[in-house]
Amino acid sequence: MDVNQYLGIFLEEAKEHLQTLNRCVLDLEHEPGDLHILDEIFRSAHTIKGMSATMGYTAIAELTHEMENVLDLLRKGTLKAHADIIDTLFQCVDRLEQLVEDVANGQPGSVDVTALSAKLASLAKGETQPQVEVKKPIMESAKTDSSKMSLNETEMDMVKSAIAQGLQVFELTIGLRQGTLLKSVRAYMAMKALDEMGDVIKTDPLVEDLEKDNFGQEFSVLLVTDHPADKVRDTILSIAEIETVVASPCGNQAVAESATVGSENASAIDAVNAPADEHTAEATKEAKAEPGAAKQKGRSLLRVDAEKLDSLLNLVGELVINKTRLQQIGLSNQLQELSEAIEQMDRVTTDLQGVVMKLRMVPVGQVFNRFPRMVRDLSHSLGKEINLVIQGEETELDRTVIDEIGDPLVHLLRNSIDHGIEKPADRTAAGKNPVGEVRLIARHEGNHVLLMVTDDGKGLKSEAIRQKALEKGLVTKAELDMMEPGDVMKLVFLPGFSTAETVTDVSGRGVGMDAVRTKIEALGGVLELDSTPGHGTRVKIRLPLTLAIIQALLIQVHDETYAIPLGSIDSTINITPADIRTIQQQEVILLRGQIIPLIRLGRCLGLMDAVDYEDGQEMYVVIVQAGDHRIGLLVDSLVGQQEIVIKSLGKVLTGIRQIAGATILGDGQVVLIIDVNALG
């Protein structure tokens, strides 16, 4: 059998299971005896073993087989998940990632797994002893000892929100009759019935495992509903071969009568009753979720090559361009029938574009999931205790942005851990919790996605930044004296700037923050930093939802047409020459009590100066948001708003600072897109 045709599927699924292994081993470090976590680790390792054996990758199959032996003993209780086992499992995950990467590079089997396999074999025989106690968790979770289901912070917020609205929240444990042959069918029928009665927040095991018969005789469901427990119980019990239903009320609802048939009641999720501390309250405000947002249904999924989606998007882009061309022909020739047909085509094209854009949207959780393990390893190596809190991982971004955002976030997290968070002893001396907290937050804000990395560390001191900038020759004393406090903070983004006293493997070379700024601006995003000495630092990243098809304002400068992304525009105004003032050799205008720097766009783009405006003659100014401040762009005329398809300038023209790309209008004219961040 030629297995090469399945290589792409193998690599994709292997990477997904490796992510699951990383996440679950982290959870196991916190809950060493949790059988559900062990089962999930075992399933992922077993799946990787089966796939690799089928493909002929014996090293991967051998290592996962030895992992299974240890995991099986952990599930049976013969072994306890002490620190040595946890560290060894992490080493296995790292080695598996390396082996899978070698397969992707066409070099399978280049890594030796003999020593690691021997270590696993010795662990299975109980030949090593625990060396240190299991560390505290670095990932917040909401779970009680009595509950069978682990809820993350977002799911807990959904439960709280549902209770606040007066809805019922039940944890249902559904048991099938012994000997049931089509378990997945019965599970599907139960899920379909529950979907009709309310919103399913979570299932254990996951819906995918239920569909594949990959579970025992029971499965659990967390349900938000306005129906009483008896109604829910009777509905599920009416399905053939479902024998027991246990409905346990969750949260601070009145203790309702548990619906039990043939089994004891399961206890409620008491974690919802626990009083929220300040951090939890803040998290609730920053990551609001409504019941049903994570509703899971049994849907069939289809894997599609990303290149095919890119090709589809390009075709839709060409369709948008030609639609605009047809609109111009219809208007110029006043063809009524053509105009009516174009209106219908416009609706279809808009719907098609919306569908294609949704296909490209990917949850940022795909990027965030790699960070808990990184934070764990880094905090251990630096001798720090750090709690990583992730919020809003379900927030979606365009795949192109997702592919590029990982490295900047790595730099920001490493800076927070290395520079921001203090050693436990220093934090205790300062009256802080010895465990530092780093938050990674994502949420939508209008047509943008906001990403934030915050820490409760020592913060940045303005005076220290000034001194470092002077020492490294990045600014002059005169320039520093003229800077506002907010501008001083921006110095950390200059090439070569670093507050680290020594260069380490983690940081100190002065390239991280500059690389972050460059990457974010290349994605059309905006970077902001604010810090309070002694309390922490917060970095905000605002990114466009998509980089493909956007709304833009077309403007003219010296008979040349340019496009400005609508998401960057604050407003458009008319002024006269008398409204222009000069402050420190910079033209400015006064807008609603605020001084706005004025840039003559033609001069900035290297075009010849515009003709002198006569007194009283109206001039057009486009107010745009460039970074954390506004500027006014003086243009000759406003053409109008239009949907445009962003095209790359190619290698030859890459690097032109004021230009973000190009687009093609309906008449075939090529129009350059202004990068407003580069102008500010």
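Gln-585 lies in the loop between strand S16 (581–583) and strand S17 (586–591); helices (H or I, at least four residues) and strands (E, at least two) are DSSP runs, numbered from the N terminus. Gln-585 has a positive phi of about 65° although it is not a glycine. Gln-585 is also exposed, with a relative accessible area of 82%. Exposed stands for over 50% relative accessible area, buried for under 20%, and partly exposed for what falls in between (1.4 Å probe, protein chains only).

This is a predicted model, in which local features need pLDDT of at least 70 and side-chain atom pairs count only at pLDDT 80 or more, while totals for chains, interfaces and linings use all residues. Residues are numbered from 1 along each chain as its sequence is written, and side-chain values use heavy atoms, with hydrogens and water left out.

Most residues other than glycine have a negative phi, and most peptide bonds are trans. His-558, which is not a glycine, has a positive phi near 55°. His-558 sits in the loop between strand S13 (549–557) and strand S14 (560–565). Asp-204 and Pro-205 are joined by a cis peptide bond, with omega about 5°. Pro-205 belongs to the loop between strand S2 (198–204) and helix H8 (207–211).

Now take the chain as a whole. It contains 23 helices and 23 strands. Of its 680 residues, 46% count as buried. Contact means heavy atoms within 4.5 Å. Among contacts between residues at least 6 apart in sequence, 70% join residues at least 24 apart.

What lies in the interior? In soluble globular proteins, nonpolar side chains tend to be buried together. A nonpolar core is a set of buried Ala, Val, Leu, Ile, Met, Phe, Trp, Tyr and Cys residues joined through side-chain atoms within 4.5 Å. The largest one here has 47 residues, and those with the most contacts inside it are Phe-368, Phe-371, Leu-409, Leu-451 and Leu-543. Helix H15 (residues 399–420) gives the largest share of this core, seven residues. Leaving out residues up to four places away in sequence, Phe-368 touches Ile-390, Gln-391, Glu-393, Leu-409, Leu-440, Ala-442 and Leu-451. Apart from this core lies another, of 43 residues, among them Leu-18, Met-55, Leu-96 and Val-100.

The next topic is how helices pack. H1 and H4 have their axes 10 Å apart and pack at an angle of about 165°. That makes H1 roughly antiparallel to H4. Axes are lines fitted to C-alpha atoms, for helices over the stretch in contact, and angles run from 0 to 180 degrees between N-to-C directions. Angles under 35 degrees count as roughly parallel, over 145 as roughly antiparallel, 65 to 115 as roughly perpendicular and the rest as oblique. The residues in H1 that meet H4 include Leu-18 and Leu-21, and those on the H4 side include Leu-96 and Val-100. By class, this contact has 17 nonpolar, one polar and two charged residues. Here Ala, Val, Leu, Ile, Met, Phe, Trp, Tyr, Cys and Pro count as nonpolar, Asp, Glu, Lys and Arg as charged, and the others, Gly among them, as polar.

Helix H4 (residues 83–104) also packs against helix H5 (residues 114–124), their axes coming within 11 Å and crossing at roughly 150°. H4 is thus roughly antiparallel to H5. In this contact, Asp-84, Ile-85, Thr-88, Gln-91, Cys-92 and Arg-95 of H4 meet Leu-116, Lys-119, Leu-120 and Leu-123 of H5. These residues divide into five nonpolar, two polar and three charged.

Helix H1 (residues 7–30) has a further neighbour in helix H14 (residues 371–382), where the axes come within 9 Å and cross at roughly 50°. H1 and H14 are therefore oblique to each other. Asn-22, Leu-26 and Glu-29 of H1 and Pro-372, Arg-373, Arg-376 and His-380 of H14 make the contact.

Finally, consider two buried residues. Met-489, in helix H19 (residues 485–489), is buried, with a relative accessible area of 11%. Not counting residues up to four places away in sequence, Met-489 touches Leu-460, Ile-465, Leu-529 and Ser-531. Asn-677, in helix H23 (residues 676–679), counts as buried at 15% relative accessibility. Asn-677 and Gly-524 are 153 residues apart in sequence but 7.8 Å apart in space, C-alpha to C-alpha.
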